[in-house]
Amino acid sequence: MNTSSYIHGTSLYHRYDIRGKLVFTLVYSVSVFFIHSWYGLALSALLPISIYIISLGLKETSRAFSRILPVIILLFLFLPLQDRDGVVLLSIKDAVIITREGLYRVCRLSSRFVSLSFILMLLSATERSENIIKGLRFYHLPYTLSLLFSMILRFIPYLGSLFGEIRASMSLRLTEGKRGFPIMPSITAFTVAAVRMIPDTAAALEERGFGRNGRTDYSRLEKKPYLFSEILFSAIFPVIFFIIVR
């Protein structure tokens, strides 16, 4: 609650209304599961990455991509286990390594993972947490669920970057000539750091009224003249995009 993944900027997506962003994020996240063509899978992943580059720059985009890269690598490492009875693309003697169906399945899963990851990171990086809560409350989502969703968007990227810093720090302590980093000490340090965040998180929740009989009132988003047009565009654009590329 006391950390934020928000990155200050003046891009169009930064200035876009949070209520429109939430609709766009939801519709886009659902639509990616209806894509089946190869080029559609590629474009569905490239669109949020392109918006991320335009809104936050190439450096922040590469940093965000590095957080999900290990998962993508892991998916492709398990490629030989996918659809071994399909059309063989690569084999060593009688051992099937890659099939067309297996490659398609891994690429589809990777594309959806990248699309969902970047569209959610885009939301958390271009909008403050309190505005996300207000936007969810605008759609009559209960305050507790709105707060939970906001915490997830803020803490997952933060914990990922925290583990990266701990891993880099542990690597510097290794004897010269060794590679990698000590896994167990890094996990221990990460656990301690996460536990130390509990009092701050509890205090932040208490400031928002939790733990008392009543809860303080929340502020609302201001009305905008073109709000309905932005929300409508946010819902229609991803639908049209995926109809074209599917």
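This short talk covers a pocket, an aromatic cluster and a strand hairpin in one structure. Please keep in mind that the model is predicted.

Let me begin with the second largest pocket. Its space amounts to about 310 Å³. Which helix gives the most to the lining of this pocket? The answer is H3, with five residues. Helix H1 (12–15), helix H3 (38–56) and helix H10 (227–245) each supply at least two lining residues. By residue class, the lining holds nine nonpolar residues, three polar ones and no charged ones. Among the lining residues are Tyr13, Phe24, Phe233 and Phe237.

Those four names return in my next topic, the aromatic rings. Tyr13, Phe24, Phe233 and Phe237 belong to one aromatic cluster together with Tyr28, Phe241 and Phe242. Across the whole structure, eleven aromatic pairs are found. In the pair of phenylalanine 241 and phenylalanine 242, the ring centres are 5.2 Å apart and the planes stand at 80 degrees, so the pair is edge-to-face. Phenylalanine 241 is buried, at a relative accessible area of 16%, and phenylalanine 242 is buried as well, at 5%.

Arginine 19 lies over the face of phenylalanine 138, 5.0 Å from the ring centre.

Finally, I turn to the strands. Strand S1 (residues 88–92) pairs with strand S2 (residues 95–99) in the antiparallel sense, over four bridges. Valine 88 has threonine 99 in S2 as its bridge partner. Two residues lie between the strands of this hairpin, and lysine 93 takes a positive phi near 60 degrees.

Technical notes
Residues numbered from 1 in each chain as written. Predicted model: local features only at pLDDT ≥ 70, side-chain atom pairs only at ≥ 80, totals over all residues. Heavy atoms only, no water. 1 Å grid on protein atoms, 1.4 Å probe; cavity = no way out; pocket = protein on both sides within 12 Å on 5 of 7 lines; lining within 4 Å. Points joined across faces, edges and corners; volume = space filled by probe spheres on them. Nonpolar A, V, L, I, M, F, W, Y, C, P; charged D, E, K, R; others polar. Pairing = 2+ DSSP bridges. Phe/Tyr/Trp six-rings, centres within 6.5 Å; stacked < 30°, edge-to-face > 60°. Buried < 20%, exposed > 50% of the residue type's maximum accessible area, 1.4 Å probe, protein only. Lys NZ or Arg CZ within 6 Å of the ring centre and 35° of its normal.
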